[in-house]
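Colleague: Can you walk me through this one? I'd like to start with the strands.

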Amino acid sequence: MASQPFNDTFLRACRQEPTEYTPVWYMRQAGRYQPEYRRIREKYSFFEMSETPEVCAEVTRLPVEQLGVDAAILFADIMTPLKPIGVDVNIRPGVGPVISNPVRSEADVRRLRELDPESHIPFISESIHILKEQLSVPLIGFAGAPFTLASYLVEGGPSKNYHMTKGLMYAQPGVWNLLMEKLGSLTVSYLKAQVKAGAHAVQVFDSWVGALNEDDYRTYVAPVMHRIFTEIKQSTDVPVIYFGIGAGHLLEEWGRLPVDVIGLDWRTSIDAARRMGIRKTLQGNLDPSLLLAPWEIIEKKAKEILDQGASVPGYIFNLGHGTFPEVQVETLQRLTALIHDYTKK
Ligand code: CP3
């Protein structure tokens with residue numbers, strides 16, 4: 001693999017440079033839909049897998065080899081950097097991260113330690129070093145954004161309406177700002193460590209921030225996002241991607257952030273984002289549920305999205321959110337080939 005020439009199509013698309021075809025990767029491209037993943041997962045917990053560099057590298061590589069995608073994403077979780085700062089988190093299959101000691105008071109926030117990636121999570125840079133030797137496509141590092149991390153920390157697990165998270169935000173804005181500042185510093189040091197180890201790009205997942213209206217986003221979240229992206233841009237030159245679900249109403253605000261790429265879910269079309277004046281590279285946004293439809297329907301939808309993406313430079317094909325266990329490997333293989341063949345100049 002390492003002998004293959006390096007495929008930088010994804011990085012060029014991030015920078016709005018010309019590409020021979022539209023690059024593609026999938027959120028959650030390593031996961032339980034793959035029989036090989038399930039076999040490894042039988043032997044280890046999620047964190048054991050992601051914290052053992054050889055295993056982490058193996059599952060990170062798997063979708064690149066199996067699907068032919070144009071980028072790899074490090075096999076870890078947005079919760080990974082929270083464990084060493086004092087958060088007791090476990091990943092429960094089919095549920096998500098569950099936290100036994102939620103963060104709900106000023107004292108809880110003050111107790112959160114500062115992250116030192118080198119000593120707390122050395123397996124991250126070790127995994128990246130291994131992957132740099134093995135991969136012939138770019139490696140994406142990633143982190144959770146403060147609002148999305150806070151939603152797990154405050155609720156103690158996944159939530160539908162984020163009442164306690166938003167309750168803390170509205171009722172105790174000083175405590176909220178302290179939490180955002182601490183999580184902002186964590187996100188910056190975690191992303192910087194990944195870039196230093198060799199990640200070619202970084203994606204910040206703000207999956208649940210769409211729960212806020214635009215005004216509240218501007219007041220309670222935008223300042224820390226500006227700080228994170230500014231600090232990353234000052235210290236690295238890798239492309240930065242910002243992604244959220246149901247965040248179409250925040251796009252104008254996102255357009256002002258110093259990021260290179262905006263990841264869209266399936267609710268906001270590529271055309272609609274362009275009409276809203278977004279000039280950055282766009283990434284997305286096939287509804288992952290479509291992967292259960294007959295091939296003809298997937299093909300039609302994918303081509304519609306590709307036609308929209310092709311109208312301006314700077315487009316990366318992806319799903320509007322992650323793959324899931326019921327998806328067939330063959331469907332993603334066929335989709336990847338379609339994206340490449342349909343867009344080849
Ligand atoms: O995309 C990739 O392949 C890279 C690895 C990755 C994982 N999680 C691995 C994982 C990435 C980028 C994430 C991000 C993540 N984790 C987000 C942001 C993106 C999104 O999906 O909105 C969030 C909100 C989490 C929190 C989390 N961790 C959830 C919701 C779950 C899924 C629970 C489930 O079983 O459906 C996890 C666990 C998790 N993270 C799995 C994987 C492969 C499943 C672990 C398993 O049981 O095998």
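Modeller: Strand S8 (residues 281–286) and S9 run parallel and are joined by five bridges. Two strands count as paired if DSSP finds at least two bridges between them. Helices (H or I, at least four residues) and strands (E, at least two) are DSSP runs, numbered from the N terminus. This is a predicted model: local features need pLDDT of at least 70, side-chain atom pairs count only at pLDDT 80 or more, and totals for chains, interfaces and linings use all residues. Residues are numbered from 1 along each chain as its sequence is written.

Colleague: Which residue of S9 does Gln283 stand opposite?

Modeller: Ile316.

Colleague: What about the peptide bond from Gly284 to Asn285, cis or trans?

Modeller: The bond is cis, with omega near -10°. Asn285 has its place in strand S8.

Colleague: And which helix lies across S8 and S9?

Modeller: Helix H14 (residues 295–309) does, running at about 170° to S8. Axes are lines fitted to C-alpha atoms, for helices over the stretch in contact, and angles run from 0 to 180 degrees between N-to-C directions.

Colleague: Zoom out. What is the strand order in the open sheet?

Modeller: The order is S1-S4-S5-S6-S7-S8-S9. That is seven strands, with parallel pairing. Strand S1 (72–73) and strand S9 (315–319) are the edges, and each pairs on one side only.

Colleague: How do S2 and S3 run, parallel or antiparallel?

Modeller: Strand S2 (residues 89–92) and strand S3 (residues 96–99) run antiparallel, joined by four bridges. Val89 stands opposite Ile99 in S3. The hairpin of S2 and S3 has three residues between the strands, and Gly94 takes a positive phi near 80° there.

Colleague: Which residue other than glycine has a positive phi?

Modeller: Arg28 is one, with phi near 60°. Arg28 lies in the loop between helix H1 (9–14) and H2.

Colleague: Switching to helices. How do H2 and H4 cross?

Modeller: The axes of helix H2 (residues 35–43) and helix H4 (residues 53–67) come within 10 Å and cross at roughly 165°. So H2 is roughly antiparallel to H4. Angles under 35 degrees count as roughly parallel, over 145 as roughly antiparallel, 65 to 115 as roughly perpendicular and the rest as oblique. The crossing of H2 and H4 is left-handed. Left-handed means that the near helix is turned anticlockwise from the far one by less than a right angle, and right-handed means clockwise.

Colleague: Which residues meet there?

Modeller: Glu36, Tyr37 and Ile40 in H2 meet Val55, Val59 and Leu62 in H4. Two residues are in contact if their C-beta atoms, placed from the backbone, lie within 7 Å. The H2–H4 contact has five nonpolar, no polar and one charged residue. Ala, Val, Leu, Ile, Met, Phe, Trp, Tyr, Cys and Pro count as nonpolar, Asp, Glu, Lys and Arg as charged, and the others, Gly among them, as polar.

Colleague: What angle do H7 and H10 make?

Modeller: Helix H7 (residues 122–134) and helix H10 (residues 173–197) pack at about 30°, with their axes 9 Å apart. H7 is therefore roughly parallel to H10. Ile124, Ser125, Ile128 and His129 of H7 make the contact with Ala193, Gln194 and Ala197 of H10. By class, the contact of H7 with H10 has four nonpolar, three polar and no charged residues.

Colleague: How does H8 cross H10?

Modeller: The axes of helix H8 (residues 146–155) and H10 cross at roughly 115° and come within 9 Å. This crossing is right-handed.

Colleague: Last topic. How many residues surround the ligand?

Modeller: There are 21, and the closest are Ala30, Pro93, Gly96, Phe205 and Ser207. A residue is near a molecule or strand if its C-beta atom, placed from the backbone, lies within 6 Å of it. The shell has 11 nonpolar, six polar and four charged residues.
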